[in-house]
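Student: Let us go through this model by question and answer. Please put up the sequence and structure.

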Amino acid sequence: MQDNNNSTNLTNGDSRAVDRYANIRAAEEKKLLARKSVNNNKRMIDQLTKIPIPEDEHEDAEKNSGHESGGTASTPVDADNTDSVLLNKSSIKNQNHPSRYLEAIYDRYEVSKKSRLPFLILSVLCAILLLTIIILAIVWPYIPSYMRSDVCIEPECFDASKQIVGWADLKESVCENPYKFTCGNFINQYKSHELYLVNKGEWGANSHFEYEDLNAINSFISKLPNLPSRSSIQPMIKKIYSICMNIRSEERTSENLQVLKTILESARGWNIFEQSSSNHQWSLYDNLPIVQVNFGVHPFFKVSIEDGNITLSEGELGLPDEQLYFLHRDHPIIIAYKELIRDVHNSLKASTNSEAENFVDNLFGFERRIVNAMKTARQKHSVTKIVRLYDIKTRTHSLPIDITVQNMFSNYRVDDDTPIKVMDLELIHQISVVATSTEPKILNDFVMWTLARHFLPLMSHKIRSSMDNFYKKLYGNQYSNMPWHFCTELTHQWMRFGIEALRQNPQLIVVDTSKMKRDEYDEESSYEENLSRDQLNYNDAFVQVLFMHLRDTFRYAISDASWIDPKFADYVNYRLSSIRLQIGIPQRILKDHNYIQQYYREFIINEINFMRNIEQHWNIEKKILGNLLKGDMTEEDRIVFEMFSSSRHDDNRRIKYLKDLNMVIVDRAVLREPYYHYKYPLPVNFARLGTDLASILLEAAFEIGEAYKELLFHENQFNAEEKDILHKNTLEGESLKCINNLYNIDNKTFTTPGAIRKGLFSTMTSSSMAYRALISFTKKTEDNPAHFDARLIKELNINKRQNGLMKYTQEELFSLTFMQKHCSVVSDEYKNIKVFTERKMPERQMFDIIWKNVPIISESFECSTDAKMCSNIL
């Protein structure tokens with residue numbers, strides 16, 4: 001047993017020894033196989049790097065290997081299979097390495113080893129550049145369409161933009177605060193202006209452009225050579241301005257008073273003089289014609305010529321409007337006016353305070369009696385009539401109307417059957433009643449005071465100071481007018497035609513050729529040369545096109561108006577279709593060197609008694625009125641008279657309509673910079689000159705409509721239908737009822753002047769017509785450019801954006817420019833007086849009414865407002 005056990009142990013020991021040796025051998029064999037496998041792998045990897053193997057084959061091999069192994073992890077894997085898997089993974093890893101892609105790219109584009117580094121750097125830079133472009137495209141700001149539009153780079157466009165931007169405050173919201181957006185900087189511009197607190201009344205866009213024109217006139221006068229010449233009027237112009245400046249700067253109290261007394265004595269005297277040899281002979285009936293005929297002064301009534309007829313209307317008063325006489329006795333205007341009367345009285349006569357106060361109260365009380373009579377007459381709503389002179393005499397027997405007419409037009413046969421156009425016969429009758437019940441002394445005071453007022457601006461400093469104080473209370477200015485400003489206005493008033501003729505045709509200027517050349521004066525060249533210049537030609541050509549396009553726009557609007565009777569519309573449109581346009585002085589007159597000399601032939605400047613030149617100037621006007629009445633005027637003479645006559649000072653507009661000639665005349669003063677230039681942006685010209693022309697065309701349509709009614713009346717074609725036509729066929733239709741509610745004076749004592757309503761209607765209509773014409777004109781130039789002169793269209797800045805106003809469309813620029821015509825600065829006191837002194841609404845209130853009641857203005861800025869236009873507005 002024991003042996004067996006030993007044998008068993010030995011066997012077991014030998015067996016363990018054999019296993020140990022076998023394991024050693026197995027380990028050595030494995031090491032040998034591993035070394036061989038590594039070597040084989042290295043050789044295969046080298047081969048694989050040279051021959052690419054598709055990835056899908058490896059993937060299939062892995063899949064097949066999985067299937068052959070039964071797909072389970074527990075299946076034994078032999079060494080060769082393990083080496084194959086490792087080899088496959090290593091090959092895949094090497095193929096996905098970035099260097100393999102670079103090698104492939106190098107091979108594809110055949111890049112040599114020397115060029116690989118520059119190629120790589122260049123590729124990286126291109127990639128960075130592409131990435132930069134992509135990023136910029138993402139973050140690049142959006143450029144609005146208006147920034148890509150054509151921009152006007154003409155100097156005139158810069159000037160227009162400078163003026164518009166200078167007045168506006170474009171930082172403001174136009175919808176929230178339209179006035180501040182439009183006129184926010186206008187008051188700042190005025191504060192730095194020469195006329196700040198000097199200008200009388202309201203300072204607005206019109207005041208600005210009038211100042212610019214007057215300043216240009218002053219510069220022109222100062223440049224005129226002061227040469228004695230009988231073939232030119234320039235010495236007269238220079239002399240008037242020079243003497244006026246001397247009077248304004250010198251104190252000549254005694255001399256001026258003596259001249260005024262002499263003038264008053266020539267009118268049969270003023271009873272306030274202590275020793276008046278003619279006072280006892282003075283009577284209204286005998287002496288009023290002397291004042292009317294010799295001096296052109298119109299107390300009680302006024303005689304003039306309108307539409308070829310002798311016309312009779314109400315006379316002058318001391319205050320600019322009759323309603324101002326109803327102000328309280330302690331009102332500053334009333335106090336200042338009475339102080340002016342008292343100072344003039346005391347300058348002419350030494351008197352006690354009680355005598356002076358009594359004189360003032362009597363004179364002011366008489367003027368107020370006349371105003372009350374006029375107010376009573378107006379309540380009867382009399383209309384303009386043409387009646388015989390005899391019928392007027394029977395209604396106004398205390399007023400020497402017939403004698404005045406006969407003496408004023410002594411070269412024309414005047415008798416009881418002479419037709420007279422009377423604006424309001426009942427009013428003249430009531431004034432006659434007042435004169436009948438007044439003692440001669442008061443009548444004398446009133447007539448002489450009316451005459452003396454015309455000479456006060458040329459009187460002594462003391463009287464001028466009193467007059468300036470009255471104007472300050474009336475117009476709200478704080479300082480007196482500057483001498484150059486006053487004298488330029490006076491010279492222009494007396495010599496307006498002559499100054500404009502020289503400006504339009506500098507060839508008429510006489511120069512000393514040995515010292516200077518004519519071309520040293522602005523545009524001094526012959527008129528023919530001026531006509532050949534592009535600026536003048538294109539300026540006039542565009543005005544013609546603008547006028548005709550506005551005319552056609554009106555005709556279409558009248559035809560489309562449902563409230564206008566077709567017969568009425570046809571008649572108005574027929575007359576509008578033949579309306580003519582005259583720009584500036586007619587060419588024939590400008591070329592005639594003798595015409596201007598003959599015009600002023602009887603105007604002999606009185607250098608010693610300068611105030612007497614007022615008589616000289618009136619004599620020229622009176623002679624022209626006589627020629628107009630006799631029909632001795634050519635059409636060109638008539639144009640000059642209507643454009644420049646100071647007897648038309650009540651209608652001082654630069655654009656007028658002449659009914660009998662069916663013509664619109666345009667003074668060149670309105671066609672100068674900075675108001676107009678053909679190269680200004682199209683919306684600017686339509687908003688300025690376009691609305692002015694539209695307003696005159698509307699006036700022409702009204703006049704033609706009235707002529708239509710008169711035609712029906714004279715032909716006795718009344719029946720029920722035509723009577724209805726007379727009542728309903730007006731251009732305004734029912735609009736005035738709406739307009740009456742837009743503006744009313746908040747005072748039961750006063751009534752809103754009719755001119756205010758007409759002005760509102762005209763402004764609302766003209767803005768709509770000009771806006772409509774701008775849109776249609778722009779469209780027509782795009783769709784049918786052959787309809788216009790190609791040279792003109794090429795010169796106009798159509799559809800071009802403006803510097804500083806790039807983002808504004810044509811419609812917005814039109815609205816901005818038009819509304820800037822109503823920018824203003826006005827004192828609180830004058831704001832409530834302007835409607836009486838000028839018969840115009842304050843521009844600030846006009847601005848608000850237009851914004852709220854003309855939808856095209858607010859809608860052009862896409863503002864949501866409650867703007868609603870009155871019905872029956874064209």
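Student: Which residues of strand β7 (residues 655-658) lie on each side, and are they buried or exposed?

Tutor: This is a predicted model, in which local features need pLDDT of at least 70, side-chain atom pairs count only at pLDDT 80 or more, and totals for chains, interfaces and linings use all residues. Residues are numbered from 1 along each chain as its sequence is written, and side-chain values use heavy atoms, with hydrogens and water left out. Strands (E, at least two residues) and helices (H or I, at least four) are DSSP runs numbered from the N terminus, while buried means under 20% relative accessible area, exposed over 50% and partly exposed in between (1.4 Å probe, protein chains only). One side of β7 carries Ile655 and Tyr657, the other Lys656 and Leu658, and all are buried.

Student: In β8, which residue is the bridge partner of Ile655?

Tutor: Two strands pair if DSSP finds at least two bridges between them. Strand β7 runs antiparallel to β8 (residues 663-666), and 4 bridges join them. Between the strands of this hairpin are 4 residues, and Asn662 takes a positive phi near 50 degrees. The partner of Ile655 in β8 is Val666.

Student: How many residues apart are Arg839 and Asp321?

Tutor: Arg839 forms a salt bridge (a side-chain nitrogen of Lys or Arg within 4 Å of a carboxyl oxygen of Asp or Glu) with Asp321, their closest N and O atoms being 2.6 Å apart. Arg839 sits in the loop between α36 and α37, and Asp321 in the loop between β3 and α13, so the pair links distant parts of the chain, 518 residues apart.

Student: Which helices hold Asp560 and Arg772?

Tutor: The closest N and O atoms of the salt bridge between Asp560 and Arg772 are 3.9 Å apart. The pair ties together parts that are 212 residues apart in sequence, because Asp560 lies in α23 and Arg772 in α32.

Student: What is the relative accessible area of Lys630?

Tutor: Lys630 meets Asp632 in a salt bridge of 3.3 Å, N to O. Asp632 counts as partly exposed at 47%. Lys630 is also partly exposed, and its value is 37%.
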